[in-house]
Amino acid sequence: AVVSTQCTGVVSIVRSGDILLEAFRQLRPGLKVGKILIQRDESTADKRAVLYYKKLPADITSCTVIVVDPMLATGGSLDCALGVLADSGVDPNKVMFVNLFSCEEGLARIQKSYPGIHTVTLHMDLMLNEHKYIVPGVGDFGDRYYGTN
């Protein structure tokens, strides 16, 4: 995906995605910003992603969209976010996902559901454990960054 010079939007998967969102805004002030709040349901075996909130720019369908979230484990949250974007009329071929840590399971899920998505990741971790956490991983990225539990 080529980032458009006409219209670029960054969509953050709240809360950890906001960390990367701010980095993009520093590099390119004036970016259009969208927010999607998704949380894993820890009470389910598959750690199903649950959508709580979305707010997207009105002209998001005419933009190249960069989705940001530092961790990609099962791929559930990203799959949900991409579904929100698709339901809002965004062409999946105009979407790029940028993150820091991924594992093969999550990437395989996204490539199966959205083969046109381009992904940029800093590091590939080995696997998911029985609790669907990345191994070896860094723990909860948002909690570490914001100093919360």
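1. A salt bridge here is a side-chain nitrogen of Lys or Arg within 4 Å of a carboxyl oxygen of Asp or Glu. By that criterion the side chains of D59 and K32 form one, with an N to O distance of 3.2 Å. D59 sits in the loop between strand 3 and strand 4 and K32 in strand 2, so the bridge links distant parts of the chain, 27 residues apart. Both partners are partly exposed: D59 has a relative accessible area of 28%, and K32 is at 31%.

2. The model is predicted. Its mean pLDDT is 87, and 89% of the residues reach 70 or more. Confidence is highest in strand 4 (residues 64–68), at a mean of 97, and lowest in helix 4 (residues 141–146), at 60. The placement of helix 4 should be read with that value in mind.

3. The protein has 4 helices and 9 strands, in the order β-α-β-β-β-β-α-β-α-β-β-β-α from the N terminus. Of its 149 residues, 44% are buried. Contacts between residues at least 6 apart in sequence join residues at least 24 apart in 63% of cases. The accessible surface is about 7900 Å², with 54% of it belonging to carbon and sulfur atoms.

4. The structure contains 5 salt bridges, one of which pairs K35 with D18 at 2.8 Å between the closest N and O atoms. Because K35 lies in strand 2 and D18 in helix 1 (residues 17–27), this pair ties together parts that are 17 residues apart in sequence. D18 counts as buried at 16% relative accessibility, whereas K35 is partly exposed at 25%.

5. A further salt bridge joins E42 and R40, whose closest N and O atoms are 3.3 Å apart. E42 is partly exposed, at 38% relative accessibility.

6. T44 belongs to the loop between strand 2 (32–40) and strand 3 (49–55).

7. Helix 3 (residues 104–113) has G106, L107 and I110 as its buried residues. These lie on the same side of helix 3, because they cover an arc of only 95° around the axis. E104 and K112, on the other side, are exposed. The cover over the buried residues of helix 3 includes strand 5 (71–72), helix 2 (76–87), strand 6 (95–103) and strand 7 (118–125).

Terms used:
Residues numbered from 1 in each chain as written. Predicted model: local features only at pLDDT ≥ 70, side-chain atom pairs only at ≥ 80, totals over all residues. Heavy atoms only, no water. Helix = DSSP H or I, 4+ residues; strand = E, 2+ residues; numbered from the N terminus. Buried < 20%, exposed > 50% of the residue type's maximum accessible area, 1.4 Å probe, protein only. Contact = heavy atoms within 4.5 Å. Areas by Shrake-Rupley, 256 points an atom, 1.4 Å probe, with all protein chains shown as cover. Arc of directions from axis to C-beta. pLDDT = per-residue confidence, 0-100.
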